[in-house]
Amino acid sequence: MTWLITGGAGYIGAHVVELAKSSGRNLVVLDDLSSGISSRLRNDIELVETTLLDSASVNRVFDEHKISGVLHLAAKKRVGESVERPDYYWQENVGGIQNLLSAMKTHGVKNFVYSSSAAVYGQPDVLFGALITEETPCAPINPYGATKLEGEVLSRAMAESGGIKVAALRYFNVAGAGRAELGDQYIFNLVPIVFDALERGEQPIVFGNDYSTSDGSCIRDYVHVQDLADAHIAAMEFVEKSDPGFTAINIGTGQGASVFEVLAMIQDVTGISIDPIIGERRKGDPAALVADVRLSKELLGWQSSRDLRAIVTSAWDAWKLGHK
Ligand code: UFG
């Protein structure tokens, strides 16, 4: 029996692929290599280079392999770009999952793990300091989050019609690297943005220091990408052995870190002194977004084990390797 991993050449996908392979699974990876990098995959991993929008190619993958489950990570994920090009995000993310689920239905494949995002919550209206549970209302504030939610809506409907069993993993802020070669190559999130600034001899910018948090900067739940990979394997095993219908599960640590705390950790790990510039608030940033992680523990038996220092240390090792 084979797992299909879409987006397996991407930053997160490659960690999932490597872990699944090392635990003895048969795999096939589907990736259009628009942001994925084929060299992230070991030579013994089969890669089908196609877009999910090509439904004939997607169906062929199912025809040619005995697929028992699908881990669907392939997606466009740049929030800013999604605001500029919402139609493109709908086409790629919603069209992509639609073709994939149709192919699963045609081929009688039921087990589905979907990469969702904490972006589905938008700016949650919770009391200050409260954790985000899976019951917190979903109200995305950008097209990226909306397309992730659309994927949940469709997979939920297909689960309700009896076609599939779904674990939708709502990732919080993913960072770090399992090994340096698998690190995030893009400079779109706080940790790589800070490394990039420091490398250029500049100071990072803190987007607002007047939030009602302990130090005034925004708080997020940073989860190590290797812990996230573990969560995917646990989620597929959960779906395989039970009948969850559709279940959305937060994947975070349950611990918040402020922007200033992340900067302090980066200073400590890199040895580069940081004196940040205080900038304006960034539009759409909630003050705090921290996961309630009881459900992942209860259903998947999974919880994060790597802390912020491990995240920053591994991200820095990956950065140094990629920017020699
Ligand atoms: N930040 C700064 N300065 C920067 C960059 C970021 O202060 O130069 C702050 C942001 O304001 C935010 C925090 O650092 O408070 C993290 O920002 P990121 O842009 O790294 O991440 P976001 O929390 O905005 O979003 C991330 C992912 C989304 C995902 C979301 C879910 O990028 O894809 O987490 O929680 F949807």
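Strand 9 (residues 219-220) pairs with strand 14 in the parallel sense over two bridges. The model is predicted: local features need pLDDT of at least 70, side-chain atom pairs count only at pLDDT 80 or more, and totals for chains, interfaces and linings use all residues. Residues are numbered from 1 along each chain as its sequence is written, and side-chain values use heavy atoms, with hydrogens and water left out. Helices (H or I, at least four residues) and strands (E, at least two) are DSSP runs numbered from the N terminus, and two strands pair if DSSP finds at least two bridges between them.

- Seven strands make an open sheet in the order 3-2-1-4-5-6-11, and the pairing is parallel.
- Strand 3 (46-49) and strand 11 (246-251) each have a single partner strand, so one side of each lacks a neighbour in the sheet.
- On average, neighbouring strands of this sheet are turned by 20 degrees against each other, direction ignored; the axes are lines fitted to C-alpha atoms, for helices over the stretch in contact, and angles run from 0 to 180 degrees between N-to-C directions.
- Strand 1 (residues 2-6) runs parallel to strand 2 (residues 26-31), joined by five bridges, and L4 stands opposite V28 of strand 2.

- In strand 5 (residues 111-117), seven of the seven residues are buried, that is, under 20% relative accessible area, with exposed meaning over 50% and partly exposed in between (1.4 Å probe, protein chains only).
- The burial extends to both faces, with N111, V113, S115 and S117 on one side and F112, Y114 and S116 on the other.
- Four bridges connect strand 5 to the parallel strand 4 (residues 67-72), where V70 stands opposite F112.
- Seven bridges pair strand 5 in the parallel sense with strand 6 (residues 165-171), and A167 is the bridge partner of V113.
- Helix 5 (residues 143-160) lies with strand 5 and strand 6 in a right-handed β-α-β unit; right-handed means that, with the strands pointing away from the viewer, the path from the first strand over the helix to the second runs clockwise.

**A positive phi**

- L33, in the loop between strand 2 and strand 3, has a phi near 60 degrees, a positive value in a residue other than glycine.
- Most residues other than glycine have a negative phi.
- The relative accessible area of L33 is 23%, so L33 is partly exposed.

**Cavity and pocket**

- On a 1 Å grid over the protein atoms alone, a cavity is a set of points where a 1.4 Å probe fits but cannot get out, and a pocket is an open set with protein on both sides within 12 Å along at least five of seven lines; lining residues have an atom within 4 Å of a point.
- One cavity of 30 Å³ or more is counted, and the largest cavity has a volume of about 40 Å³.
- The largest cavity is lined by A14, V17, E18, K21, R40, L41, R42 and I45.
- The second largest pocket holds about 270 Å³ of space.
- Of the 18 residues lining the second largest pocket, F128, G129, A130, A288 and L289 lie nearest its centre.

Technical notes: Points joined across faces, edges and corners; volume = space filled by probe spheres on them.
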